[in-house]
Amino acid sequence: MDIFAHRGSSGTHPENTLIAFREAAQLAVYGVEFDVHLTKDDHLVVIHDERIDRTSNGTGFVKDMTLEELRSYDFGSWFSSEFKGEIIPTLEEVLDVFSTSSHHLNIELKSDIFPYIGMVEKVLSLVNTESLKSRIVISSFDHEAIRLVKMLAPQIETAALFMESLVNPLAYLQSIPADALHLFMPAAIRSGALDAMANGVNVRAFTVNEEMYADALKSCGVTAIFTDYPKKMLDYLSS
Ligand code: G3P
Ligand code: MG
């Protein structure tokens, strides 16, 4: 079972910052997951929420701020004073951290609340390259966005994100179409997900921070887990 560092090594470092990604890049995990939004002046930035309030000393929506404005805020101190001065990274900066590693990169498009027109094309222009495309998976709760990814760049793996368990996720996945299922942990062990796995679909579960849940998912044949504690899970699952 593969391990993805969720928002970087976000249990030990401020989520979705370069220091959290550099920490993950040092680990022999399979991959790293991160979330992308679009600024007012059309820059791709890596942050989880639509607003910057929870993870910075600023307030407001990413979509209403320019990159320069966003860069004036501290995205480290909320986690610990040790990380004071961390700034919001662009997608390009995060990709650079992994330019010479072999980590797989899961880019989650956060266009499910605000549509972020043009985001898919911008992301593809950065990742649809010989050196990156074989280790990228693009996921979203916005299934229209991953449908567009598949139309524009069929060779890039896509994943539909779900919180709920579906009766027949395989049929739905084929209807989008998308390649993989990224599921909230309880949904990953329901019969629909097991059926998808039996049909060769990669099923990855989030967010798995407890060893006992990792054991349960592994025994169900889940392809990968997303965890905030990649080092802990790596030590546990490789022992
Ligand atoms: O991509 C897996 C997981 O990150 C989805 O949920 O809210 O943590 O982005 P969220
Ligand atoms: Mg995410």
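In the predicted model, the magnesium ion (ligand 2) is coordinated by Glu-33 (OE), Asp-35 (OD) and Glu-108 (OE), at 2.0 to 2.1 Å. Along the chain, these donors follow the spacing E-x1-D-x72-E. Glu-33 has a relative accessibility of 3% and therefore counts as buried, and Asp-35, with a relative accessible area of 0%, is buried as well.

The largest nonpolar core comprises 31 residues, and those that make the most contacts inside it are Phe-34, Leu-91, Ile-107, Leu-109, Val-123, Val-127 and Ile-138. At least two residues of this core are supplied by each of helix H1 (18-25), strand E2 (31-38), strand E3 (44-46), helix H3 (91-97), strand E4 (104-109), helix H4 (119-127), strand E5 (136-140) and helix H5 (143-152). The largest share, 5 residues, comes from H4. The surroundings of Leu-91 illustrate how these elements come together: when residues up to four places away in sequence are not counted, Leu-91 touches Phe-34, Val-36, Leu-44, Val-45, Val-46, Ile-107, Val-123 and Leu-126.

The largest pocket holds about 180 Å³ of space. It is lined by 16 residues, of which His-6, Arg-7, Glu-108, Phe-141 and Phe-206 are the closest to its centre; Glu-108 is also one of the residues that coordinate the magnesium ion (ligand 2). E2 and E4 each supply at least two residues of the lining of the largest pocket, and by class this lining has 5 nonpolar, 6 polar and 5 charged residues.

About 160 Å³ of space lies in the second largest pocket, which is lined by 13 residues, those closest to its centre being Pro-115, Tyr-116, Val-120, Ala-145 and Leu-148. Two or more residues of this lining are given by H4 and by H5. The lining of the second largest pocket has 8 nonpolar, 2 polar and 3 charged residues.

Although Tyr-116 is not a glycine, its phi is positive, at about 45°. This residue lies in the loop between E4 and H4 and, at 9% relative accessibility, counts as buried. A positive phi, near 55°, is likewise found at Asn-16, a residue other than glycine. Asn-16 has its place in the loop between strand E1 (2-6) and H1 and is buried, with a relative accessible area of 2%.

The backbone also contains cis peptide bonds. Ile-176 and Pro-177 are joined by a cis peptide bond with omega of about -10°, and Pro-177 is found in the loop between helix H6 (169-175) and strand E7 (180-184). The peptide bond from Phe-206 to Thr-207 is cis too, with omega near -20°. Thr-207 is placed in the loop between strand E8 (203-206) and helix H8 (211-220), while Phe-206 is among the residues closest to the centre of the largest pocket. In general, most residues other than glycine have a negative phi, and most peptide bonds are trans.

Asp-64 is found in the loop between E3 and helix H2 (67-70) and is partly exposed, with a relative accessible area of 40%. Leaving aside neighbours within four places in sequence, Asp-64 is in contact with Lys-40 and Glu-69. Asp-64 and Asp-41 are separated by 23 residues in sequence and, from C-alpha to C-alpha, by 8.7 Å in space.

Tyr-73 has its place in the loop between H2 and H3 and is partly exposed, with a relative accessible area of 25%. The residues that Tyr-73 touches, not counting those up to four places away in sequence, are Ile-52, Ser-56, Asn-57, Gly-58, Met-65, Glu-86 and Ile-87. Tyr-73 and Thr-55, 18 residues apart in sequence, have their C-alpha atoms 9.8 Å apart in space.

Notes
Residues numbered from 1 in each chain as written. Chains lettered and ligands numbered in written order. Predicted model: local features only at pLDDT ≥ 70, side-chain atom pairs only at ≥ 80, totals over all residues. Heavy atoms only, no water. Core = buried A, V, L, I, M, F, W, Y, C linked by side-chain atoms within 4.5 Å. Buried < 20%, exposed > 50% of the residue type's maximum accessible area, 1.4 Å probe, protein only. Helix = DSSP H or I, 4+ residues; strand = E, 2+ residues; numbered from the N terminus. Contact = heavy atoms within 4.5 Å. Donors = N, O, S within 2.8 Å, 3.2 Å for Na, K, Ca; no water. 1 Å grid on protein atoms, 1.4 Å probe; cavity = no way out; pocket = protein on both sides within 12 Å on 5 of 7 lines; lining within 4 Å. Points joined across faces, edges and corners; volume = space filled by probe spheres on them. Nonpolar A, V, L, I, M, F, W, Y, C, P; charged D, E, K, R; others polar.
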